[in-house]
Amino acid sequence: MTDLTITALAKSYPDQNVLDGVDLEVPASTLTAVLGPSGCGKTTLLRLVAGFDRPDSGTITIGPSTVTGDGSWIPAHRRQIGYVAQEGSLFPHLTVAANISFGLPRRERRNQIRLAELLDLVGLDPALRTRYPHQLSGGQQQRVALARALAPKPRVVLLDEPFSALDTALREGTRRAVVAALTATGTTTILVTHDQAEALSLANQVAVMRHGQLIQTGTPTDLYRRPADLELAGFLGSTVILPATITDTIAQTVLGAVPVRRPCPGGSDSVMIRPEQLALAPPEPGAPAAHVTAVTFYGPDAVVDLKLPGTTTITARVPSHQAPEVGTETGVTVHGTATAYPSRVEHLRPAGAHST
Ligand SMILES: Nc1ncnc2c1ncn2[C@@H]1O[C@H](COP(=O)(O)OP(=O)(O)OP(=O)(O)O)[C@@H](O)[C@H]1O
């Protein structure tokens, strides 16, 4: 069941078209990440859904109600929406308990059981209830902000880059606590982020925004494995792009025959794989070997720069304990399938292959 539907939404400012025909369906009780670079229109989209701004055209429907468009306008406070901003949204002069209770209906503000439930939901120690925001870590503050947003049992929660101000150590635990609370309450959620790993790891559905349009919407695995174009492939992660001759569903590449996920309408002469799909092993006698030109150690894994016969260079990502020595020769095999793209000369190095 779809809980939130956005149709042909457009918004411009005097000097700029910010949203240009956005369509999005967010299924009930799921988390959709809207992913895009800074300035692409993510916050504008959230503000229109929340009812803080009006669009130029288009409709927004929450459950059975059209809240914007088709002659309807439901103000922000009647949309049953919770909003969590990047940082600093707590009232500095109120305790944790008072901040969270502020989100409760007036008759429930003294309900200590509900307050305890909300603290538990977001994984906060009840002892923190008497502290003020400046006495909390950034991660604790964001959990309080979420508890306050969830207090009135909203239909939809909007998260505007809620983890981006946290340092790496706090970010992971806070993300997990927030998603656990949203899942436990079955809340329909939109998260906007410019962080690919965050979108891919947290969301049920990812919608990628570019210049005010959603260019592809799908599950995280779909997007990562079958991005709509090579620019999006590179935005979502590192790529290995190889020239290929494709017959039916097999691509002949410098690394041998690789199965292709889907044929490319109009033909194709390049395929994309991810660096972690490359496995390195001692070269087979007679088989082409690659020369290891650099190894970058990242702890659990390592990035290995390889020069193939000719002048082609590619990059593999392997478990760090399997990384070969710089200067040695290695065999390279491709695991899994590749995605085919129409010829895009500008994405290829003069040598004919490329990895980012
Ligand atoms: N009130 C406004 N008046 C004029 N221009 C605006 C206004 N609000 C946003 N913009 C412009 O619209 C564009 C999109 O802004 P928006 O905040 O939606 O992007 P974003 O993707 O959320 O970026 P970020 O990740 O940096 O927050 C930007 O170029 C911004 O300068």
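Lys153 lies in the loop between α4 and β8, the latter covering residues 156–160. In this model, which is predicted, Lys153 has a positive phi of about 55° although it is not a glycine. As background, most residues other than glycine have a negative phi. Lys153 counts as exposed because it has 12 C-beta neighbours inside 10 Å, and the cut-off for exposed is 12 or fewer.

A second case is Ser29, which is found in the loop between β2 and β3, where β3 covers residues 31–35. Phi of Ser29 is near 60°, again a positive value in a residue other than glycine. Ser29 has 15 C-beta neighbours inside 10 Å and therefore counts as partly exposed.

## The chain as a whole

The protein chain has 356 residues, of which 38% count as buried, and its secondary structure comes to 8 helices and 23 strands. The C-alpha trace spans about 80 × 50 × 35 Å along its principal axes. Among the contacts with a separation of 6 or more, 67% are between residues 24 or more positions apart.

An unreviewed UniProt entry places the feature "domain: ABC transporter" at residues 4–236.

## The nonpolar core

The largest nonpolar core has 88 residues, and those with the most contacts inside it are Ala33, Leu146, Ala147, Leu158 and Val271. Helix α4, which covers residues 138–150, gives this core its largest share, 6 residues.

Which residues does Leu146 touch, leaving aside its neighbours within four places in sequence? With those neighbours set aside, Leu146 is in contact with Val84, Val122, Val178 and Ala181.

## A strand covered on both faces

Val271, one of the core residues with the most contacts, belongs to strand β16, which covers residues 270–273. Both faces of β16 are covered, with Ser270 and Met272 buried on one side and Val271 and Ile273 buried on the other.

Strand β12 (residues 240–243) is joined to β16 by 4 bridges, and the two run antiparallel; the bridge partner of Leu242 in β16 is Val271. Strand β22 (residues 339–341) is joined to β16 by 3 bridges, also in an antiparallel arrangement, and here the bridge partner of Met272 is Thr339.

## The surroundings of the ligand

The residues around the ligand are Tyr13, Gln16, Val18, Gly36, Ser38, Gly39, Cys40, Gly41, Lys42, Thr43, Thr44 and His194. By class, this shell has 3 nonpolar, 8 polar and 1 charged residues. Strand β2 (16–27) and helix α1 (42–50) each supply at least two residues of the shell, and the largest share, 3 residues, comes from α1.

Helix α1 has a buried set made up of Lys42, Thr44, Leu45, Leu46, Leu48 and Val49. Of these, Lys42 and Thr44 are also among the residues around the ligand. Helix α1 is followed by Gly51, whose phi is positive, near 90°.

Terms used: Residues are numbered from 1 along each chain as its sequence is written. This is a predicted model: local features need pLDDT of at least 70, side-chain atom pairs count only at pLDDT 80 or more; totals for chains, interfaces and linings use all residues. A nonpolar core is a set of buried Ala, Val, Leu, Ile, Met, Phe, Trp, Tyr and Cys residues joined through C-beta atoms within 7 Å. A residue is buried if 20 or more other C-beta atoms lie within 10 Å of its own, exposed if 12 or fewer, and partly exposed in between; C-beta atoms are placed from the backbone. Two residues are in contact if their C-beta atoms, placed from the backbone, lie within 7 Å. A residue is near a molecule or strand if its C-beta atom, placed from the backbone, lies within 6 Å of it. Ala, Val, Leu, Ile, Met, Phe, Trp, Tyr, Cys and Pro count as nonpolar, Asp, Glu, Lys and Arg as charged, and the others, Gly among them, as polar. UniProt positions are given in the numbering used here, feature names are shortened, and annotations may be inferred rather than shown by experiment. Two strands pair if DSSP finds at least two bridges between them.
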